[in-house]
Amino acid sequence: MALPISGRVPARFVLPSTAHVRPRQPVAFVSLSSATNDGTIDWVEATSDFFEKDTRPIMLFDGVCNLCNGGVRFVRANDRNRRIRLEALQSEAGKKLLRRSGRAPDDISSVVLVEKDRSYIKSEAVLRIMEHLELPFPQLALFLKFVPLFVRNIAYDNIADNRYTLFGRSESCEI
């Protein structure tokens, strides 16, 4: 399911931890210029620096999930041209990008692919990621699009809901 980037979240829901800058980021993403007159934050504007100089999509993943970390290793191995950037959902940047995508900053229930103009979740995100990988994965993604979205998302949700039980957790994020 593609989510249009609306990005507006009432300022009272902004957690204090999202107002500071990670040490490796040169610019504060939450600033007074991001606030609108009605007290909301425009998360598209607040995170526009993510796509200003680098337009590659960003894959958000659960950094402590062994299945997700395996997925990250798979993407790295099959994305030789580095067409996808990676960020953990639990990171400050990940939380900001979740808000940009219209999701709660603590929602780690789905992989998310954030592009400049839209975001994808669940099976749609997986298929979009596959489209950026080396052959034969774009063709496989095209084939899997013939499976109805609700069927793909039921399968995705069953795996996602049981990922810690089936694959375990790690102590820290791989990247």
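Q: Leaving aside its neighbours within four places in sequence, which residues is Asn 78 in contact with, and what makes these count as contacts?
A: In this predicted model, and with neighbours within four places in sequence left aside, Asn 78 is in contact with Leu 133, Glu 134 and Phe 137. The word contact is used because heavy atoms lie within 4.5 Å. Asn 78 itself is found in helix α3.

Q: Is Asn 78 buried or exposed, and how do you know?
A: The relative accessible area of Asn 78 is 17%, and a residue is called buried when this value is under 20%. Asn 78 is therefore buried.

Q: What makes Arg 80 and Glu 134 a salt bridge?
A: The side chains of Arg 80 and Glu 134 meet with N and O 3.9 Å apart, and the cut-off asks for a side-chain nitrogen of Lys or Arg within 4 Å of a carboxyl oxygen of Asp or Glu, so the pair qualifies as a salt bridge. Arg 80 lies in the loop between α3 and β5 (85-88), whereas Glu 134 lies in the loop between α5 and α6, which means that the pair ties together parts that are 54 residues apart in sequence.

Q: How are Arg 80 and Glu 134 classed, buried or exposed?
A: Arg 80 has a relative accessibility of 62%, and exposed means over 50%, so Arg 80 counts as exposed. Glu 134, with a relative accessible area of 16%, is buried.

Q: Which residues are linked with Arg 80 in a network of salt bridges?
A: The network links Asp 79, Arg 80, Arg 83 and Glu 134. Asp 79 is buried at a relative accessible area of 2%, while Arg 83, at 31%, is partly exposed. A search of the whole structure finds 13 salt bridges.

Q: How do you know that Glu 131 and Arg 128 are separated by about one helical turn?
A: Glu 131 and Arg 128 are 3 residues apart in helix α5, and this spacing is why their separation is about one helical turn. An α-helix has 3.6 residues a turn, so residues three or four places apart point the same way. The side chains of Glu 131 and Arg 128 meet in a salt bridge, with N and O 3.2 Å apart. Glu 131 is partly exposed, its relative accessible area being 28%.

Q: Which residues of helix α5 are buried, and what covers them?
A: In helix α5 (residues 122-131) the buried residues are Ser 123, Glu 124, Ala 125, Leu 127, Ile 129 and Met 130. Their cover includes β4 (58-61), α3 (66-78), β6 (112-114), β7 (118-121), α6 (137-144) and α7 (149-161).

Q: What makes a set of residues a nonpolar core, and which members of the largest one touch the most other members?
A: A core is a set of buried nonpolar residues joined through side-chain atoms within 4.5 Å. The largest nonpolar core has 20 residues, of which Met 59, Phe 61, Val 75, Val 111, Leu 113 and Ile 129 touch the most other members. Two or more residues of this core come from each of β4, α3, α5, α6 and α7, and the largest share, 4 residues, is that of α5. Apart from this core lies another, of 11 residues, among them Ile 58, Leu 89, Val 112 and Val 114.

Key. Residues are numbered from 1 along each chain as its sequence is written. This is a predicted model: local features need pLDDT of at least 70, side-chain atom pairs count only at pLDDT 80 or more; totals for chains, interfaces and linings use all residues. Side-chain values use heavy atoms; hydrogens and water are left out. Buried means under 20% relative accessible area, exposed over 50%, partly exposed in between (1.4 Å probe, protein chains only).
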